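The structure is shown first.

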Amino acid sequence: MGGEKGKPTNLSDIEDEDELDEEPGEVIDSAPPQNVGEERELGSLGLKKKLLKVGESWETPEFGDEVTVHYLGTLLDGTTFDSTRDRGEPLTFKLGQGLVAYGLDHGIITMKKGERALFTLPPELGYGAEGCDSVPPNSVVQFDVELLSWITVVDVCKDGGIIKKIMEKGRRNEKPGDLDEVLVKYQVALIDGTIVAKTPEQGIEFYVKDGHLCLALPKAISTMKWGEKVKLIVQPQYAFGEEGRVANDGFPAVPPNSVLNIELWLVSFKSVIDVTGDSKVFKKIMKEGEGAIVANEGASVTISYTARLEDGTVFEKKGVDGVQPLEFTTDEEQVIAGLDRAAATMKKGERALLTISPEYGFGSMEVKCDLGTVPPCSNMVYEVEMLNFIKEKTPWELNNQEKIEAAGKKKEEGNILFKSGKYQRAAKKYDKAADYVSEDVSFGDTEEKLVKALRVSCWLNAAACSIKLKDFQEAIKLCSKVLDIESYSVKALYRRAQAYMEISDLVLAELDIKKALEADPQNREVKQIQNTLKQLQAESNKRDAKLYTKMFARMTKDSSTATKKMKLEKAENEKQEEAVAMEVETNTDNLAPSENGC
């Protein structure tokens with residue numbers, strides 16, 4: 001009987017009229033698990049479900065999925081009107097189209113694989129006022145349904161151009177990104193079954209962003225999980241379009257405007273990470289590391305690697321072929337920046353292939369290494385394994401005394417970097433130092449004075465770094481934090497005034513300078529920027545005066561032009577009035593009576 005029914009009320013029409021309070025299934029999700037033999041009403045339109053057998057797992061199908069079921073349809077008196085079991089084979093159909101009965105689809109979406117349930121459908125959700133075959137008009141019907149399996153169906157591009165049917169679910173939750181390298185196997189056929197493309201037995205590798213075969217493949221792969229197997233139905237616009245494809249690699253040609261059936265298996269993929277965010281250092285993970293913890297900045301790491309030029313020439317090895325591994329601390333410029341930054345993202349046991357541009361390598365220098373020379377401006381490839389690392393302790397892992405000592409050490413490291421002109425790294429050190437003695441941490445009375453001074457010093461030094469790096473808003477923020485604690489801190493007022501001057505906020509700069517001189521009238525540095533401020537104010541006043549002069553000149557010119565225009569209009573109006581008067585006078589003369597009175 002599947003598909004041969006009368007014309008009952010369409011459930012989707014009812015939904016459009018907002019008569020459904022909720023989707024059937026939402027009741028089940030929010031209610032306690034249903035017990036075998038228990039009957040519940042789904043929604044507000046009279047659809048009932050009685051659980052006959054518990055299913056597997058927790059997943060349920062969705063509208064659009066292809067389900068395979070056995071069912072028995074009966075009237076309330078037990079009369080059978082339809083049965084897949086009598087026909088000897090289950091029925092496979094797409095949910096949401098009402099192939100068997102409109103309301104039944106809404107019951108099936110609440111079922112788990114292997115579950116069996118009895119659904120009772122009122123006429124509105126069954127076969128309506130007309131009935132169907134052996135179903136009389138306005139009949140309540142029942143379906144004993146067993147959900148054998150289902151295939152998830154996905155409209156990849158939301159336009160029907162690529163329909164994906166998941167035949168076997170993936171083993172992991174991760175999906176490949178554009179940068180990742182995937183290993184896939186596929187077979188491509190025309191509608192008539194002619195195979196037009198197929199991968200070798202070992203599959204084929206490519207980067208998702210580079211694409212492969214046709215538009216559909218990378219788009220579908222981006223939605224797949226590791227190990228997932230799918231069937232794709234690909235319309236011409238995502239296949240080979242109006243041009244088709246000539247015979248290739250021993251396979252026949254693809255005619256123009258061909259729909260393709262593709263069996264696709266995402267065997268595996270290697271994650272590729274843009275380490276620096278500017279596409280200058282890429283890390284391709286060859287082997288996943290242990291757990292979720294990475295080395296991060298400040299960790300003491302031990303790595304092995306083989307370093308090559310792009311042409312394959314090996315110029316250095318560490319930790320292989322009898323050579324000792326390399327030990328270093330990340331974010332301390334002990335190795336090239338690209339290797340340093342990448343190592344800070346690696347897990348213990350991880351193996352990765354790094355591609356490093358000259359900007360994060362040896363730059364424009366020629367460098368002699370253990371096994372060869374690296375020419376200027378060379379791209380390099382490092383095959384690295386993270387053997388071990390010891391992370392720098394975080395503030396919460398230390399006691400108060402250790403926090404104070406760690407903060408002092410970081411501050412001194414920052415000072416050394418600042419003197420060397422390495423302001424970015426110095427700022428990081430000051431930030432870390434301030435974190436160790438954060439205001440959120442509770443210190444004793446004897447420690448608080450020292451901690452406060454240390455915290456203020458770190459903020460002031462970090463503000464100096466921000467000014468050097470031209471991050472004036474950050475400098476203002478840091479100085480303001482100091483001034484919240486010490487309202488007459490001359491250094492904070494001085495540096496904030498500098499930042500205000502750089503962003504042309506001369507009024508606030510003047511206020512800070514005045515306040516700094518109140519606290520220290522003889523401060524030479526403050527007096528110097530006061531003189532600079534006066535020069536800037538004079539220049540600003542000149543610009544303003546010039547601007548206003550132009551504005552007034554334009555206004556005067558506009559006013560003069562307007563006056564002239566008004567005079568011309570007035571003269572023109574007077575002429576017109578004069579002409580009208582003369583015309584009236586002439587007409588009057590013509591209309592005067594003659595001496596004869598005629």
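Predicted model: local features only at pLDDT ≥ 70, side-chain atom pairs only at ≥ 80, totals over all residues.

## Lysine 169 and glutamate 59

Glutamate 59 is partly exposed, with a relative accessibility of 29%. Its salt-bridge partner is lysine 169, and the closest N and O atoms are 2.9 Å apart. Because lysine 169 sits in the loop between strands E8 and E9 and glutamate 59 in the loop between E2 and E3, the pair ties together parts 110 residues apart in sequence. Lysine 169 is also partly exposed, at 44%.

Glutamate 115 and lysine 49 form a salt bridge with a closest N to O distance of 2.7 Å. Glutamate 115 belongs to the loop between helix H4 and strand E6, and lysine 49 to strand E2, so this bridge ties together parts 66 residues apart in sequence. Glutamate 115 is buried at 3% relative accessibility, and lysine 49 is buried at 2%.

Lysine 284 forms a salt bridge with glutamate 181 at 3.0 Å. The pair links strand E15 to strand E9, 103 residues apart. Lysine 284 counts as buried at 11% relative accessibility, as does glutamate 181 at 10%.

## Glutamate 66

Glutamate 66 lies in strand E3. Its side chain makes a polar contact of 2.8 Å with the side chain of lysine 165. Beyond its neighbours within four places in sequence, glutamate 66 is in contact with residues including Phe93, Trp150 and Ile151.

Helix H8 covers residues 423-436 and reaches 20 Å from its first C-alpha to its last. Its buried residues include Arg425, Lys429 and Tyr430; helices H7 and H9 are among the elements covering the buried residues.

Arg425 and Lys429 also belong to a network of salt bridges, with Glu332, Glu392 and Lys410 among the other members. The whole structure has 31 salt bridges.

Note on methods: Residues numbered from 1 in each chain as written. Heavy atoms only, no water. Helix = DSSP H or I, 4+ residues; strand = E, 2+ residues; numbered from the N terminus. Expected span 1.5 Å × (residues − 1). Buried < 20%, exposed > 50% of the residue type's maximum accessible area, 1.4 Å probe, protein only. Contact = heavy atoms within 4.5 Å. Polar contact = N/O pair within 3.5 Å; in protein donor to acceptor, adjacent residues only side chain to side chain. Salt bridge = Lys/Arg side-chain N within 4 Å of Asp/Glu carboxyl O.
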